[in-house]
Amino acid sequence: MLLDTLADYGAREARADLPPEVLHHAKRAVLDWLAALYPGTRTAPCAQLLAAHRDELGLGASSLPGCGVTALPATAAWINGSVSHAVEFDDIFRDAVYHPGCPTIAAALALAESRAGHGLALLRAVVAGYEISTRIGAAVQPAHYRYFHTTGTVGSLGAAAAGAALLAPGSADVMRHAIATAATLAAGLQQAFRSDAMSKALHAGNAANVGVRAALGAAHGITGVPDILEGEVGFGAALAGQADWDSAVQGLGERYNITQITQKNHGCCGHTFAAIDAALALRAQGIDPEQIERITVHTYRTAIDVTGNASPTTAFEAKFSLPYVVSHALIHGSVRLAAFEADRLEAPDLRALMRRLDLHEDAALTRGFPRQRAARVEILLADGRRLRHDAPYRKGDPEAPLSDAELNDKFMELAAPVLGGARAAELRDAVWRLDTLPVAALRLAQDAPAHA
């Protein structure tokens with residue numbers, strides 16, 4: 001059965017000597033997850049989750065980084081998974097339309113801290129969670145993404161695999177039952193994208209919480225359905241119609257998807273990134289935004305369906321508005337945290353430029369989704385000139401990855417305002433040495449936001 005193959009792999013990975021490149025990318029994943037998490041502590045739903053779980057805080061050893069408190073593992077995973085998804089700076093596995101870091105690392109960290117684990121064990125667990133979940137995620141696309149948020153559904157399986165690797169390294173039985181239990185509890189609907197509610201961020205937190213609980217249960221004898229993935233009424237049939245399960249095990253343990261992760265260069269929905277990159281390339285030619293008569297963005301259908309909001313009214317909606325983020329990029333030269341502050345949201349020049357932007361589906365780009373995320377931007381200027389730039393992939397994609405230096409800069413930009421520069425630099429350096437340190441050496445539970 002498929003789950004047997006995945007579980008056997010996960011059990012081996014939990015004790016394996018990781019190839020140096022894979023170990024390095026696991027550290028990159030942890031650093032990038034922390035970069036997304038810290039600014040999330042300054043926005044919803046962090047405060048709401050802390051208030052809702054006030055009675056559970058301080059009871060365990062699992063940290064809530066940036067909040068200066070601990071919790072029991074499932075609670076910590078629930079809150080950290082949600083918070084790290086809140087500002088839309090989390091990583092992506094393109095082929096699965098999936099953010100693996102939020103659920104997988106949130107669950108792995110919570111269990112590693114609760115067990116006084118070592119950094120190397122944490123990194124092995126992260127790799128196992130990424131590899132198993134990204135393959136399952138890619139196997140159910142693109143049909144799955146029509147209705148379901150992969151980070152909430154498949155993320156549960158990544159979190160469970162990481163948890164099993166930490167709690168019972170080498171045990172295929174625990175790995176199997178953890179993933180199987182998580183699969184039947186997986187959830188997350190696309191409708192959550194189409195509202196200013198906080199539900200979307202909670203998908204990642206719920207996946208992390210499910211993974212922790214499934215792994216803890218499996219480690220203590222709770223069993224799951226062995227054919228839950230490919231069964232007649234299992235995960236694939238229910239959530240994708242027909243999954244390509246053969247692809248899920250191709251290259252398993254030899255070709256590592258964690259080396260092919262996209263790290264975000266913009267603080268919004270990843271479906272907008274290629275268009276932003278194209279707009280920035282045109283801006284670099286010295287065009288004056290006030291001289292733009294018309295902007296035409298050609299991209300794939302899902303990008304338009306998810307981010308076609310032409311009149312966003314809130315920061316959340318703006319992050320899922322391709323007209324907003326492309327116009328912001330043309331005026332300000334970036335789409336980072338400041339792009340969604342109140343003064344930017346209603347800026348007259350930005351709103352005027354948005355009204356001059358049209359979205360069009362490109363059939364060829366639609367056919368390339370999800371393995372390709374591309375866009376073409378055309379600009380007509382007042383003097384009659386027509387400019388065009390094609391972005392066949394996104395900055396941060398495997399074809400154009402963020403360098404380690406760029407990832408460090410991203411971490412400092414996002415974490416230093418919360419932690420202070422000195423502490424952020426200390427934590428950054430510790431993550432790069434995580435394979436030589438106990439997880440406790442990160443001292444994550446001691447950090448309260450600098451603004452608190």
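**Figure 1. Lining of the largest pocket in this predicted model.** Helix H9 (199-219), helix H14 (315-319) and H19 each supply at least two lining residues. H19 gives the most, with four residues. By type, the lining holds 16 nonpolar, three polar and eight charged residues.

**Figure 2. The second largest pocket.** The lining divides into five nonpolar, three polar and four charged residues.

**Figure 3. The largest nonpolar core.** The core has 111 residues. Tyr38, Leu229, Phe235, Trp245 and Ile258 touch the most other members. Helix H2 (residues 20-40) gives the most to this core, with 12 residues. Leu229 touches Leu2, Leu3, Leu6, Ile136 and Leu157, among others, not counting residues up to four places away in sequence. Its contacts also include Ala183, Gly234, Phe235, Gly236 and Trp245. Another core, of 35 residues, lies apart from the largest one; Ile295, Val325, Ile331 and Ala375 are among its members. In soluble globular proteins, nonpolar side chains tend to be buried together.

**Figure 4. The salt bridge between Arg371 and Asp95.** The closest N and O atoms are 3.9 Å apart, inside the 4 Å cut-off for a salt bridge. The pair links distant parts of the chain, 276 residues apart. Arg371 sits in the loop between helix H18 (363-368) and strand E5 (375-381). Asp95 sits in the loop between helix H4 (73-83) and helix H5 (101-114). Arg371 is partly exposed, at 47% relative accessible area.

**Figure 5. Further salt bridges.** The whole structure has 27 salt bridges. Glu346 and Arg351 pair at 3.6 Å, N to O. Arg351 has a relative accessible area of 13%, so Arg351 counts as buried, the limit being under 20%. Lys395 bridges to Glu406, with the closest N and O atoms 3.3 Å apart. Lys395 lies in the loop between strand E6 (386-391) and helix H19 (404-419), and Glu406 lies in helix H19. Lys395 is partly exposed at 27% relative accessibility, and Glu406 is partly exposed at 32%. Salt bridges with shared partners join Glu88, Asp90, Lys200 and Lys264 into one network.

Technical notes. Residues are numbered from 1 along each chain as its sequence is written. This is a predicted model: local features need pLDDT of at least 70, side-chain atom pairs count only at pLDDT 80 or more; totals for chains, interfaces and linings use all residues. Side-chain values use heavy atoms; hydrogens and water are left out. A salt bridge is a side-chain nitrogen of Lys or Arg within 4 Å of a carboxyl oxygen of Asp or Glu. Buried means under 20% relative accessible area, exposed over 50%, partly exposed in between (1.4 Å probe, protein chains only). A nonpolar core is a set of buried Ala, Val, Leu, Ile, Met, Phe, Trp, Tyr and Cys residues joined through side-chain atoms within 4.5 Å. Contact means heavy atoms within 4.5 Å. On a 1 Å grid over the protein atoms alone, a cavity is a set of points where a 1.4 Å probe fits but cannot get out, and a pocket is an open set with protein on both sides within 12 Å along at least five of seven lines; lining residues have an atom within 4 Å of a point. Ala, Val, Leu, Ile, Met, Phe, Trp, Tyr, Cys and Pro count as nonpolar, Asp, Glu, Lys and Arg as charged, and the others, Gly among them, as polar. Grid points are joined across faces, edges and corners, and a volume is the space filled by probe spheres set on the points.
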